[in-house]
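Q: Before we turn to particular features, could you walk me through how such contacts and sites are read?

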Amino acid sequence: MTGKILQAQLLELIRRTSSRLPDDVVRVIEKSWRKEQKDSNAKYALKVILDNIAMARENSLPLCQDTGTIICYADLPVWLDEPGFRKAYEQAVLQATKVGYLRQNSVDSLTGKNSGTNLGPGSPVFHLQQTKSRTLTVRTILKGGGCENVGAQYSLPDARLGAGRDLAGVRKCILDAIMQAQGKGCGPGILGVCIGSDRSSGYVASKEEFLRALDDANEHPALAKLEKQIVADANRLGIGPMGFGGATTLLGCKITHRNRLPASYFVSISYMCWAYRRDGFQLSEAGKIIRWLY
Amino acid sequence: MLLEAPFTEAKIRALKVGEMVEITGLIYTGRDAVHKYLYDGGKPPIDLTDSIIYHCGPVVVREKDRWVVKAAGPTTSAREEPYQGPLMERFKIRGVIGKGGMGPKTLAACAKVGAVYLHAIGGAAQVLAERVTAVEGVHLFEEFGSPEAIWEFRVERFPVVVTMDSHGRSLHDEVLRASQAALARLG
Ligand code: SF4
């Protein structure tokens, strides 16, 4: 496949990610909308959100004006070199910004100047690895700023929360993070959580949880149970969409674990807003889309 | 319920926390740069008496001879907390639209002036842009750039929820207290 074909396919991936919420997410929002009380602020907010999702999809326009941090995950087959892939993805980002699928969203941290292209040190964010398969797999997440600001990392034990180094302690951290995020970060939200690891890898792993479909089941029984319990507990807090009050505070919670040092026990929590933009596809060596992943 | 211009003190005082309101009339965008400019004594380019300010950095593009709004969701209001109350009092601003709510200084100013905080649906850029039927002007565009300028938006049935009213009530405080109690019950 030529660089040009790859770039065109990646542009299509970015367009789809920015304008179309995955079906598994839409289904959960619809279900929540049905459950909220008639004439409540919560039902009203979810209705506006559903209308917005439909409009963005129909008109191929950004779901939210904050098109977020662009995070790219790719499994590269032997026929594709890493610098070549990066260049094609960056060119696709540049093009997507020009045509308005992405907002100009990358600011120099020292000068405050917006690059205007979404390119610059650290943007977009790449997580690349090699694969033995002949197929290229690319996933993209657009992670909004408002919800990124309410992510949190805890180091257990935590005396303020009375949280120890076990799953009961982890649950306390997660519920605390939900309380802190209320009214911020455009809820209802979705949580990605990593238990263990070091501070930086913990956050990376927590974000990777957003690649899972909302309706999948965690293969680890204890974590599967905890995920369900967190969603049930969070939705009993009464925070609701936008913090208006109501039964929908959390749409999902995905938890993973990594080994840790004996001295450390981190719980890293990433918060995703309802505008949970993720998509991905598999490409053949000839540049054909074999299938969409969500 | 419909809230139509002119936004008089009587109409605003009648609004209560939790009410779903649709705004029809002229509103002005303003975010960080505008708030700081006015707070520091800058002259408002428009008459702000009985106005509604929208915390929004919209995406607006020029199509032939007119401005078209492509996205117009709210931005986080908390950043304007130091400025909002004093500006409400100085200019008799009757309403602020944003997301995330504001603090005690603004709540006190709402009661004193007769003003409200109106919460838009965060992230709903497309629905909200559609409710902006015309752009009637833009000010401080050269000085602050497009997202920070004051845009005059003609809106029709622009959907918001009253989350802070002029009677001292804040939905944000109430939901926080209720959720703290619920968390204590969950253990
Ligand atoms: S938190 Fe999400 S929905 Fe809210 S403004 Fe940011 S990207 Fe949009």
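**Reading a domain interface and a shared site**

A: Across the interface of domain 1 and domain 2 of chain A, the rule finds three residue pairs in polar contact, both residues being at pLDDT 80 or more; a polar contact is a pair of N or O atoms within 3.5 Å, where within protein one must be able to donate a hydrogen and the other to accept it, and residues adjacent in sequence count only if both atoms are side-chain atoms. This is a predicted model, in which local features need pLDDT of at least 70, side-chain atom pairs count only at pLDDT 80 or more, and totals for chains, interfaces and linings use all residues. Residues are numbered from 1 along each chain as its sequence is written, chains are lettered from A and ligands numbered from 1 in the order in which they are written, and side-chain values use heavy atoms, with hydrogens and water left out.

Q: How many salt bridges are counted between domain 1 of chain A and domain 2 of chain A?

A: A salt bridge is a side-chain nitrogen of Lys or Arg within 4 Å of a carboxyl oxygen of Asp or Glu. The count between these two domains is two. A:Arg20 forms a salt bridge with A:Asp23, their closest N and O atoms being 3.9 Å apart.

Q: Which chains surround the ligand?

A: A residue is near a molecule if one of its heavy atoms lies within 4 Å of it. Residues from chains A and B surround the ligand, so the site is shared between chains; among them are A:Cys64, A:Asp66, B:Lys99 and B:Gly123. Domain 1 and domain 3 of chain A, whose bounds come from an automatic or database domain assignment, both give residues to this shell, so the ligand lies between them.
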